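Here is a short briefing on the pockets and charged pairs of one protein model. Have a look at the structure below, and then let's walk through it together.

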Amino acid sequence: MTDLRVTLCGVPLPGPLVLASGIWGSSATTLVRAARAGAGAVTSKSCSLEPRAGHPNPTVLPWECGLINAVGLTNPGADEERRELEAARAGLRPLGAALVASVFGADVASFVGAVVALAPAQPDLLELNVSCPNVQAEHGRPFAYDPAATAAVTRAVREVWRGPLLVKLSPNTPDLVAVGAAAMEAGADGLTAVNTLGPGMLIDLAARRPVLSNLVGGVSGPALNPIAVRCVYDLWGALHVPIVGTGGVSSGRDALALVMAGATAVGVGSALERDGEAAFGRIMGEMRVLMEQLGADTLAELQGVAHHG
């Protein structure tokens with residue numbers, strides 16, 4: 001019998017799939033719903049200290065190989081988010097699933113302020129979103145493009161947060177391993193790899209203009225998966241740290257490829273746009289079948305094996 005339990009940064013998870021921040025994490029109800037469907041951990045939508053309206057519609061659109069989105073980090077602010085996290089934590093407790101709170105900010109001080117405001121909700125893990133690609137015009141160059149900037153945020157947050165800490169990286173930086181190493185040296189316990197790629201653009205031929213109101217947006221879905229696998233492979237090969245491999249996971253094969261590249265757990269996001277909550281059960285079922293075919297009883301037997309093949 002295959003055992004899909006994993007331990008992420010010291011936190012035991014009943015399964016390896018993690019609801020990625022963004023698509024379903026805006027309320028306690030959807031977070032608990034994802035856990036009931038099979039997610040071993042659920043990540044809230046990224047939250048800032050102050051409320052943020054985000055970008056006007058259209059903000060999320062499917063294309064042939066996935067999704068493109070420019071939601072713009074819409075969120076109700078840390079005070080309201082704390083109440084949602086508290087409700088989610090109560091609902092997750094009997095399911096054994098972990099709660100991951102995602103935060104972002106325009107500068108180091110706003111990251112710290114958001115963390116301080118959310119800490120009373122007692123999430124199991126904290127994820128620092130230093131890598132969103134579709135608010136660059138407002139917030140400047142993402143922190144995740146630069147090792148020193150990523151380290152500064154991580155170090156400041158570590159001073160006010162003692163629990164397990166993940167830093168979410170960008171596939172866009174040419175210095176991915178250096179950024180990951182800087183985050184770990186500054187106090188992170190693990191990494192989430194990766195955020196959306198881009199930004200990219202879709203053009204409406206009839207309207208003769210870009211489709212998204214923001215013009216550009218982050219690219220996710222199946223097209224991102226090979227890039228995510230390479231990012232996880234590079235990070236784990238160099239650093240050997242806990243990694244939540246995220247990006248275009250739509251099948252058990254995709255998930256196990258990330259595990260073999262070095263991931264401890266696997267984030268699922270855009271697959272929910274197509275399959276809803278059924279994505280979790282389907283992906284885990286496919287993972288079990290593939291593991292049986294490979295003769296593996298646990299994911300630990302497969303983690304990082306691509307480095308030794």
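In this predicted model, R83 and E80 are separated by about one helical turn, because they sit 3 residues apart in helix α2. The two form a salt bridge, with their closest N and O atoms 3.0 Å apart. R83 counts as partly exposed at 46% relative accessibility, and E80 is partly exposed too, at 31%.

**Elsewhere in helix α2**
- E84 also belongs to helix α2, which covers residues 78-92.
- With a relative accessible area of 25%, E84 is partly exposed.
- Leaving aside residues up to four places away in sequence, E84 touches S27 and A28.
- The C-alpha atoms of E84 and A121 are 8.7 Å apart, although 37 residues separate the two along the chain.

**Other salt bridges**
- Side chains of opposite charge can pair when their charged atoms come close.
- The count of salt bridges in this model comes to 10.
- One of them joins R158 to D189, with 2.7 Å between the closest N and O atoms.
- R158 lies in helix α5 (residues 147-158) and D189 in the loop between α6 (176-185) and β10 (190-193), so this pair ties together parts that are 31 residues apart in sequence.
- Is R158 buried or exposed? At 14% relative accessibility, R158 counts as buried, whereas D189 is partly exposed at 31%.
- D3 pairs with R5, and their closest N and O atoms are 2.8 Å apart.
- D3 is partly exposed at 25% relative accessibility, while R5 is exposed at 60%.

**The largest pocket**
- How much volume does the largest pocket have? The value is about 600 Å³.
- Its lining has 33 residues, and S21, G22, I23, N69 and T196 are the closest to the centre.
- Strands β6 (66-69) and β16 (265-268) each supply at least two residues of this lining.
- By class, the lining of the largest pocket holds 12 nonpolar, 18 polar and 3 charged residues.

**The second largest pocket**
- The second largest pocket contains about 150 Å³ of space.
- Of the 13 residues that line it, P14, G15, G38, M284 and R288 lie nearest its centre.
- This second lining divides into 7 nonpolar, 3 polar and 3 charged residues.

Technical notes: Residues are numbered from 1 along each chain as its sequence is written. This is a predicted model: local features need pLDDT of at least 70, side-chain atom pairs count only at pLDDT 80 or more; totals for chains, interfaces and linings use all residues. Side-chain values use heavy atoms; hydrogens and water are left out. On a 1 Å grid over the protein atoms alone, a cavity is a set of points where a 1.4 Å probe fits but cannot get out, and a pocket is an open set with protein on both sides within 12 Å along at least five of seven lines; lining residues have an atom within 4 Å of a point. Grid points are joined across faces, edges and corners, and a volume is the space filled by probe spheres set on the points. Helices (H or I, at least four residues) and strands (E, at least two) are DSSP runs, numbered from the N terminus. Ala, Val, Leu, Ile, Met, Phe, Trp, Tyr, Cys and Pro count as nonpolar, Asp, Glu, Lys and Arg as charged, and the others, Gly among them, as polar. Buried means under 20% relative accessible area, exposed over 50%, partly exposed in between (1.4 Å probe, protein chains only). Contact means heavy atoms within 4.5 Å. A salt bridge is a side-chain nitrogen of Lys or Arg within 4 Å of a carboxyl oxygen of Asp or Glu.
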